[in-house]
Amino acid sequence: MKIKELLNSALSVLMPRTCSVCDKPLEVDEKFLCRKCLMDLPRTHYEEIDFNPFEQLMAGKVSVERCTSYFFYHKSDPYASILHDIKYRNMPTMGRWLTQRAVSEMSGSDFFTGIDAIVPVPLHYTKLASRGYNQSEFLAQGISRATAVPVIKAVKAIKEHSTQTHKDAVERQKNIEGTFAVAKKHVAALQGKHLLLVDDVVTTGSTLLACATVLKQAIPGVRISLFTLAAAQLE
């Protein structure tokens, strides 16, 4: 047995790895989620649906090429723990792993075909300093690793906003106004390009709408597609 395997075995005894969804101990060859929870992941399959609910959400607000989310979640659903772990519990690498899986599972749909650059939704520097990482960047990195499409931080957060949680659609949109801007150094290179805007979850779509809008306004001929790890199932 290799030294690395010995160390991993020792760590699994001292600090057992558990499934992010069901909290059961993981097998040696399981990563982040157990086989059952991974198999039961509530996939949206939006990439296979013409004018899917995500695309309907954006219709009439901003012109997008296509939209998809990897799985559904509800705040009371066990799968919500995946987002909490990625966003708040210092497990962003799980997001990178999941988006790599998403690309593999969606390979037959051509959803990622023709994408020139992947753009993560940014965090304001104060929130980034507090959390230590931007989860959307890790999601973008997973897609990049699976597709070889580069990640470009074309959008920056220029204003801090309060949490979107517990706000309705109108409140979310008002809360996010003026938050984002396009990094000028990327404007020329991205003219006429097809960008994939990436975030962790879509609920009302206000954050993605704000980012897509500033990209459209600042970059001539740019085309936008949207990807989120999860899609909220609203009550």
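## Strands at the core

Strand β5 is mostly covered, with 9 of its 9 residues buried. Buried means under 20% relative accessible area, exposed means over 50%, and partly exposed lies in between (1.4 Å probe, protein chains only). Strands (E, at least two residues) and helices (H or I, at least four) are DSSP runs, numbered from the N terminus. The model is predicted: local features need pLDDT of at least 70, side-chain atom pairs count only at pLDDT 80 or more, and totals for chains, interfaces and linings use all residues. Residues are numbered from 1 along each chain as its sequence is written, and side-chain values use heavy atoms, with hydrogens and water left out.

β5 pairs with β6 in the parallel sense over 8 bridges. Two strands pair if DSSP finds at least two bridges between them. V198 stands opposite F227 in β6. β5 also runs parallel to β2, joined by 4 bridges. There, A117 has L195 in β5 as its bridge partner.

β1 is mostly covered too: 7 of its 7 residues are buried. β1 and β6 run parallel and are joined by 6 bridges.

## The chain overall

The protein chain has 10 helices and 6 strands. Of its 235 residues, 50% are buried. Contact means heavy atoms within 4.5 Å. Among contacts with a separation of 6 or more, 73% are between residues 24 or more positions apart.

## T228 in strand β6

T228 sits in strand β6. Its relative accessible area is 0%, so T228 is buried. The bridge partner of S69 in β6 is T228.

Leaving aside residues up to four places away in sequence, T228 touches F54, T68, S69, Y70, D199, D200, V201, V202 and L208.

## Helix α4

Helix α4 covers residues 80–88, and its buried residues are A80, S81, I82, L83, D85 and I86. What do these buried residues pack against? Their partners are β1 (67–73), α5 (92–105), α7 (135–147), β5 (194–202) and β6 (223–232). Just after α4, N90 takes a positive phi of about 60 degrees.

## Aromatic pairs

Rings of Phe, Tyr and Trp (its six-membered ring) pair if their centres lie within 6.5 Å; planes under 30 degrees apart count as stacked, over 60 as edge-to-face and the rest as tilted. The count by this rule is 6 aromatic pairs. One of them is Y46 with F72, edge-to-face at 5.6 Å centre to centre and 85 degrees between the planes. This pair links distant parts of the chain: Y46 is in the loop between α2 (35–39) and α3 (53–58), F72 is in strand β1, and they are 26 residues apart. Both Y46 and F72 are buried. The Y133 and F138 rings have centres 6.0 Å apart and planes at 80 degrees, so this pair is edge-to-face. Y133 is buried at 8% relative accessibility, and F138 is buried at 18%.

Ring pairs also link F111, F112 and F227 into a cluster. R66 lies over the face of F111, 5.7 Å from the ring centre. A charge sits over a ring if NZ of Lys or CZ of Arg is within 6 Å of the ring centre and within 35 degrees of the ring normal.

## H124

H124 is in the loop between β2 (117–120) and α6 (125–131). Is H124 buried or exposed? At 12% relative accessibility, H124 counts as buried. The side chains of H124 and T126 are joined by a polar contact of 2.8 Å.

H124 and K156 are 32 residues apart along the chain, with their C-alpha atoms separated by 7.5 Å. Not counting residues up to four places away in sequence, H124 touches A157, I158, K159 and E160.

## Cysteines

The structure holds 0 disulfides. A disulfide is a pair of cysteine sulfur atoms within 2.5 Å. C22 is partly exposed at 30% relative accessibility, whereas C211 is buried at 0%.

Notes. Polar contact = N/O pair within 3.5 Å; in protein donor to acceptor, adjacent residues only side chain to side chain.
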